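Student: I am new to this structure. Please take one part and walk me through it closely.

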Amino acid sequence: MAELSLENIGKKYGTVEVLRNINLEIEQGELVVFVGPSGCGKSTLLRMIAGLEQISSGELTIEGLPMNDVPPAQRGIAMVFQSYALYPHMTVRENMAFSLKIARKSKSEIVEAVENAARILQLDEYLDRLPKALSGGQRQRVAIGRAIVRNPKVFLFDEPLSNLDAALRVATRIEIAQLKQDMPEATMIYVTHDQVEAMTLASRIVVLHGGGIEQVGPPLELYERPANEFVAKFIGSPAMNMLPGRITGTGHQTTVELDAGGQAVSAIPTSGREMGRKVSIGVRPEDFDVAEGGELFSSLVEFSEALGEVTLLYFAQRTGEPEKVIAKVSGILAGIRGKEVRLTADPKKVHLFADGVSMRPS
């Protein structure tokens, strides 16, 4: 039985439909990440699961029990918000124990729960400090600890790292990953706009767009086998390049000709009926290789970014291309700006999309 099930979930504000036909099952012990562009409804969906937003249509169940009309406090859910929301006049110990005191738990239960959460989050030495004496990362750990002591059925994280600086984001992300390892039976749902968080934390990613689900799957599956152009461009940074073209050869491998010139081979098989069909040819920046000849793409480098281990090349836009092409190549390429560079790609890394949908066999 699924720990949490969403069946045909929808959300409307008046006549405005924010979410529609959301169907998803989350098993016990999973860490599922909701990602998508701003306004796609990922935080709204999380708040509906928490009971902070009313469900307009469909049914939410947890452990097989309907939850649509169950108050938030009775759903067995604990939520960690973007803001720490700690009580400034209370110590770490008091902040973590507060919800248990409200629930009238015994003193021994409270002490045991707080000490266990502090051990998991490595907060033992900070229990008697006030929040003002903690770093941003430590405060977020206290907020997570406040959720752990409640021993919930489901943990909900609403962009918990957004208020941290870059270094703290990395450190706290690792701590959340470690927390999941220490609590293998815990079910967690995590909302973020950060792809690195999604790719490194998730057992499965749910990509939301336009009020619906575009694709659900393990991180590497979404990266290597995107179901459509939106997922292909959303997962990965820089985004996948999309080059318009048409199929000129079919069979076990497919030959495609770019509208702006150049030719590629994809390992995606097609039949003769696809000959001449217009397609989008997708290649990730990191899947390009500098070519001597037989190139898929060639153009002048308009701008470059040397990042040390890799160099990002931004190419001048050619006639017939909807956007500029970006390549990520290994090493440092000095003095490359203004020069023509030829690129090719392994057929296994060349994606084909027809009418926005992947042509790769499922």
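**Helix α4 and its surroundings**

Tutor: The crossing of α4 and α5 is right-handed. Keep in mind that this is a predicted model. Helix α4 covers residues 136-148, and α5 covers residues 166-182. Their axes lie 10 Å apart, at an angle of about 25°. Angles under 35 degrees count as roughly parallel, so α4 is roughly parallel to α5.

Now look at the contact itself. From α4 come Gly-136, Gly-137, Arg-141, Ile-144 and Ile-148. From α5 come Leu-168, Thr-172, Glu-175, Ile-176 and Leu-179. Sorted by class, this contact has five nonpolar, three polar and two charged residues.

Next, the largest pocket. Helix α4 is among the elements that give two or more residues to its lining; the others are β6 (77-80), α2 (92-102) and α3 (107-121). The most comes from α2, with five residues. The volume of this pocket is about 730 Å³. The lining holds 20 nonpolar, four polar and four charged residues.

Finally, the second largest pocket. Its volume is about 290 Å³. It is lined by 18 residues, with Asn-151, Pro-152, Phe-155, Met-183 and Ala-186 nearest the centre. Here α3 gives the largest share, five residues. By class, the lining of this second largest pocket has 10 nonpolar, three polar and five charged residues.

Methods: Residues numbered from 1 in each chain as written. Predicted model: local features only at pLDDT ≥ 70, side-chain atom pairs only at ≥ 80, totals over all residues. Heavy atoms only, no water. Axes fitted to C-alpha atoms, helices over the stretch in contact; angles between N-to-C directions. Helix = DSSP H or I, 4+ residues; strand = E, 2+ residues; numbered from the N terminus. Parallel < 35°, antiparallel > 145°, perpendicular 65-115°, else oblique. Left-handed = near helix turned anticlockwise from the far one by under 90°. Contact = heavy atoms within 4.5 Å. Nonpolar A, V, L, I, M, F, W, Y, C, P; charged D, E, K, R; others polar. 1 Å grid on protein atoms, 1.4 Å probe; cavity = no way out; pocket = protein on both sides within 12 Å on 5 of 7 lines; lining within 4 Å. Points joined across faces, edges and corners; volume = space filled by probe spheres on them.
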